Amino acid sequence: MILLDTQIIDIGVNLMHRSFQQDRDEVVARAEKQGIYPLILTGTSLRNSMDASRYASRSKGKLYSTAGIHPHDAKSCDESTIKKLRELASLPHVVAIGECGLDYNRDFSPRDIQRKWFLEQISLATELQLPLFLHERDAHFDFVSILKEHRQNINRAVVHCFTGTSKELETYLEMDFHIGITGWICDERRGKHLRELVKKIPLNRLMIETDAPFLTPRDLKEKPVDGRNEPMYLRHILDAVAGCMGMSSEEVAVATTKTAKEFFNV
């Protein structure tokens, strides 16, 4: 365990989720007390992105947000969506376009609609020269095909909540993308392969995140009664990542914080 005055950044927090409705401010305060700041609040729909932006604007330098449409919500997009995302992205605390990408696991939006609005958001990020905050599940071939076609115009991109294969990781790193690692690495059932793969990620491409309120680390000694994940558990994820990499938590904290600051320009 590292000193609490060593800053770390949670690059993916769904802080506008309804589970945080009653204690959102306290969640942020608990994280800051642990030296976890700033938090990057994930936008997943137009309304959610607007709410995240509004909340982040209250805490300059401590909270930032992204603006984007998750593939689940792509079916809700219309001709005004990109214009409104562009307006949001002009605000100084909005630091990336996303969460965007493809999700063929649930197919909550038709796949052709997912691809259309993923492309629109890539174009927006290119226009604004903002990084992309990416989501992919069971859609690797189409996801990579689209990104490769536009790679020369993409400023920066992070594959959020990476849980894929060794080959998929190699592909992303070859494309010079960043990788976000969550508490999935703490799951002895589903995350075992990640414990080996994380060793392959260069420190200048690695960032850490909770994806709260989801993906609560399974091996927490004191588990939250309601099962809800929150940013204050990022240090637990950091320790797991550092242990897998054979490095000290201090080293990984300093490196991932530097990488996140450079990536999001915060």
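1. Contact, in this note, means heavy atoms within 4.5 Å. The model under discussion is predicted. Start with E230. Leaving aside neighbours within four places in sequence, E230 is in contact with F20, V27, R30, T210 and A212. One of these partners deserves a second look. The side chains of E230 and R30 are joined by a polar contact of 2.9 Å.

2. Where does E230 sit? Its place is in the loop between β8 and α8 (234-245). E230 has 5% relative accessibility. Buried means under 20%, so E230 counts as buried.

3. As background, strands of a sheet pair through backbone hydrogen bonds, either parallel or antiparallel.

4. Two pairings can be followed residue by residue. β1 and β2 pair in the parallel sense over three bridges. There, D10 stands opposite L39 in β2. Strand β3 (residues 63-67) and strand β4 (residues 94-103) also pair in the parallel sense, over three bridges. Here T66 has A96 in β4 as its bridge partner.

5. How much of strand β2 (residues 36-41) is buried? Five of its six residues are, so β2 is largely enclosed by the rest of the structure.

6. Next, the annotated residues. An unreviewed UniProt entry lists H135 and H160 under "binding site". They are spread over 26 residues of sequence, yet they cluster in space: the largest C-alpha distance is 5.9 Å. Both H135 and H160 belong to the lining of the largest pocket.

7. At 12% relative accessibility, H135 counts as buried. Residues up to four places away in sequence aside, H135 touches H70, P71, E99, C100, G101, L102, D103 and F143. With H70 there is also a polar contact: 3.5 Å joins the two side chains.

8. Is H160 buried or exposed? H160 is buried, with a relative accessible area of 5%. H160 is found in the loop between β6 (157-159) and α6 (166-174). Not counting residues up to four places away in sequence, H160 touches E99, F133, L134, G180, E209 and D211. A polar contact of 3.3 Å joins the side chains of H160 and E99.

9. UniProt also places the feature "binding site" (unreviewed entry) at E99 and D211. These two are spread over 113 residues of sequence. Still, they cluster in space, with a largest C-alpha distance of 11.4 Å. The lining of the largest pocket includes E99 and D211.

10. What does E99 touch beyond residues up to four places away in sequence? The list is T42, G43, T44, T66, G68, I69, H70, P71, F133, H135 and H160. E99 has its place in strand β4. E99 counts as buried, at 4% relative accessibility.

11. D211 is found in the loop between β8 and α8. At 10% relative accessibility, D211 counts as buried. Residues up to four places away in sequence aside, D211 touches G12, N14, H160 and T182.

12. Finally, a residue of another kind. Q152 is found in the loop between α5 and β6. Q152 is exposed, with a relative accessible area of 75%. The C-alpha atoms of Q152 and E32 are separated by 37 Å. Along the chain, these two residues are 120 residues apart.

Terms used. Residues numbered from 1 in each chain as written. Predicted model: local features only at pLDDT ≥ 70, side-chain atom pairs only at ≥ 80, totals over all residues. Heavy atoms only, no water. Pairing = 2+ DSSP bridges. Helix = DSSP H or I, 4+ residues; strand = E, 2+ residues; numbered from the N terminus. UniProt positions renumbered as here; feature names shortened; annotations may be inferred. 1 Å grid on protein atoms, 1.4 Å probe; cavity = no way out; pocket = protein on both sides within 12 Å on 5 of 7 lines; lining within 4 Å. Buried < 20%, exposed > 50% of the residue type's maximum accessible area, 1.4 Å probe, protein only. Polar contact = N/O pair within 3.5 Å; in protein donor to acceptor, adjacent residues only side chain to side chain.
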